[in-house]
Amino acid sequence: MFDAVAAELRRNGHLVEAVTLSGLELDGPADGDRPPNLDTHIDQVAEIIDRSNETPLALCGHSYGGMVIAGVAARLGDRLDQLVFIDAYVPDDGDSCWSLTSDSFREMFIAGARADGRWVAVPDGLDPRARPHPLASFVQSIRLQANPSGAPRRTFISGGAWPGSPFLTLTERLRNDSGWQVHEIPVGHNIARRDPQSLAAVLHALPPADPPAPQRH
């Protein structure tokens, strides 16, 4: 889904890694009887950052991915310059995707997991590469601790007022929060698929990291 966005950013000189979360691989999960949860996905992305020597880093998450990047930032905020929520959930401590989403999406999760209680089936009309999503990752609450090194810059990119969006109230709240930048690409939820050029342009234009403060002796 993000290949076109990544390619555009690379043409502009950025190093990009588009991550497929555990259990969502094209050939299916390694162990269908043990679905990953939110902690699994946070651990996965945190490990990628731990292995990287690149700085500054921008960490982007779409939809449920907002839960993941928030959890990673709570651990590794000192490694991050930008945290970008792309039409995504923005949790506080104790929130879950389940608690933050709308009734219609909760009904969709339950209906989608009816077959085995573990995996939420792909809704009709999504990209043919989409795979069933682990229900555990939707319902697990996040544990957030304030990072003593300071929070990265925070940006929210809205897909606009698409039918059933659970992000409209959140978008308006963040517009009035001086700690956030808010951009709108009003093409619906799947921004990376519908307008990869505009999404890449917003990401490319994010302000650079502040230079380190001079040391005082």
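Colleague: Where is C60 found?
Modeller: C60 sits in strand 1, residues 57-62. Strands are DSSP runs of E, at least two residues, and helices are runs of H or I, at least four, numbered from the N terminus. This is a predicted model: local features need pLDDT of at least 70, side-chain atom pairs 80 or more, while totals for chains, interfaces and linings use all residues. Residues are numbered from 1 along each chain, and side-chain values use heavy atoms, without hydrogens and water.

Colleague: Why is C60 called partly exposed?
Modeller: Its relative accessible area is 35%. Buried means under 20%, exposed over 50%, partly exposed in between (1.4 Å probe, protein chains only). So C60 is partly exposed.

Colleague: What does C60 touch?
Modeller: I69, V84, I86 and L203, leaving out residues up to four places away in sequence. Contact means heavy atoms within 4.5 Å.

Colleague: What makes helix 2 oblique to helix 3?
Modeller: The axes of helix 2 (38-51) and helix 3 (65-76) come within 9 Å and cross at roughly 55°. Under 35 degrees is roughly parallel, over 145 roughly antiparallel, 65 to 115 roughly perpendicular, the rest oblique. Therefore helix 2 is oblique to helix 3. Residues in the contact include I42 and V45 of helix 2 and V68 and V72 of helix 3.

Colleague: How do you know that the buried residues of helix 7 line one face?
Modeller: In helix 7 (168-175), L170, T171 and L174 are buried. Down the axis, the buried residues fall within an arc of 100°, so they line one face of helix 7. Their cover includes strand 5 (153-158) and strand 6 (180-184).

Conventions:
The arc is that of the directions from the helix axis to the C-beta atoms. Axes are lines fitted to C-alpha atoms, for helices over the stretch in contact, and angles run from 0 to 180 degrees between N-to-C directions.
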